[in-house]
Amino acid sequence: MLARRLLQVNLVTSIVIAILFTAFPERAAALMGLATGPATRVIVQYFGATHVAFAVLIWLALRSREQYLLHMLVISFFAGDTVGTVVLLIAQLQGLLGASGWWLVVGSLFFALSYGYLTISRRWETP
């Protein structure tokens, strides 16, 4: 049950990121303190597009009754959010992102720790 709740939070987060970064790339880049330009716009939109895929994947998984699928998502998102947190933290510490970049670091860290807890404790399983 805990895994489903976390995936629901991740679904909402991915939908918000997908809309913001895909539809409003200049605003999203500005929020992170990035200089806007054609290349930045494309990369920001691509980042948003990956969250469209995440949202669809999570939505489909939540509709499934397969516990194995949830287990695979939990492990996959744990790995992705752990690497993402390291990348974002390095970028933030190098001053590449603005003050709002800390929200990305904190959000990614939250998901990495949460999915890590589920992976280690095996709380994704149905009792």
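Author: Axes here are lines fitted to C-alpha atoms, for helices over the stretch in contact, and angles run from 0 to 180 degrees between N-to-C directions. The model is predicted.

Reader: How do I read the packing of α1 and α5: what are the angle and the distance between their axes?

Author: Two packed helices are described by the angle between their axes and the distance between the axes. Here α1 and α5 pack at about 160 degrees, and their axes are 11 Å apart. Angles over 145 degrees count as roughly antiparallel, so α1 is roughly antiparallel to α5. The crossing of α1 and α5 is left-handed.

Reader: Which residues make the contact between α1 and α5?

Author: From α1 come Leu2, Ala3, Leu6, Leu7, Val9, Asn10 and Thr13. From α5 come Phe110, Phe111, Ser114, Tyr115, Tyr117 and Leu118.

Reader: What does Tyr115 contact, leaving aside its neighbours within four places in sequence?

Author: The partners of Tyr115 are Leu6, Leu7, Asn10, Val74, Phe77, Phe78 and Asp81.

Reader: How many residues has the largest nonpolar core, and which have the most contacts inside it?

Author: In soluble globular proteins, nonpolar side chains tend to be buried together. In this model the largest nonpolar core has 15 residues. Leu7, Ile58, Phe77, Tyr115 and Leu118 have the most contacts inside it. At least two residues of this core come from each of α1 (2-23), α3 (38-63), α4 (67-93) and α5 (101-121). Another core, of 8 residues, lies apart from it; Ala28, Ala29, Met32 and Val44 are among them.

Reader: Which residues of α3 are buried, and what do they pack against?

Author: Val44, Gly48, His51, Ala55, Ile58, Ala61 and Leu62 are buried. The buried residues of α3 pack against α1, α2 (25-31) and α4.

Reader: Now α5. How many residues has it, and how far does it reach?

Author: α5 has 21 residues and reaches 30 Å from its first C-alpha to its last, close to the 30 Å expected. Its buried residues include Val105, Ser108, Phe111, Ala112 and Gly116. Their cover includes α1 and α4.

Reader: Is Gly101 buried or exposed?

Author: Buried means under 20% relative accessible area. Gly101 has 0%, so it is buried. Gly101 lies in helix α5. Just after α5, Arg122 takes a positive phi of about 60 degrees.

How values were computed
Residues are numbered from 1 along each chain as its sequence is written. This is a predicted model: local features need pLDDT of at least 70, side-chain atom pairs count only at pLDDT 80 or more; totals for chains, interfaces and linings use all residues. Side-chain values use heavy atoms; hydrogens and water are left out. A nonpolar core is a set of buried Ala, Val, Leu, Ile, Met, Phe, Trp, Tyr and Cys residues joined through side-chain atoms within 4.5 Å. Buried means under 20% relative accessible area, exposed over 50%, partly exposed in between (1.4 Å probe, protein chains only). Helices (H or I, at least four residues) and strands (E, at least two) are DSSP runs, numbered from the N terminus. Contact means heavy atoms within 4.5 Å. Angles under 35 degrees count as roughly parallel, over 145 as roughly antiparallel, 65 to 115 as roughly perpendicular and the rest as oblique. A crossing is left-handed if the near helix is turned anticlockwise from the far one by less than a right angle, and right-handed if clockwise. The expected span of a helix is 1.5 Å times one less than its number of residues.
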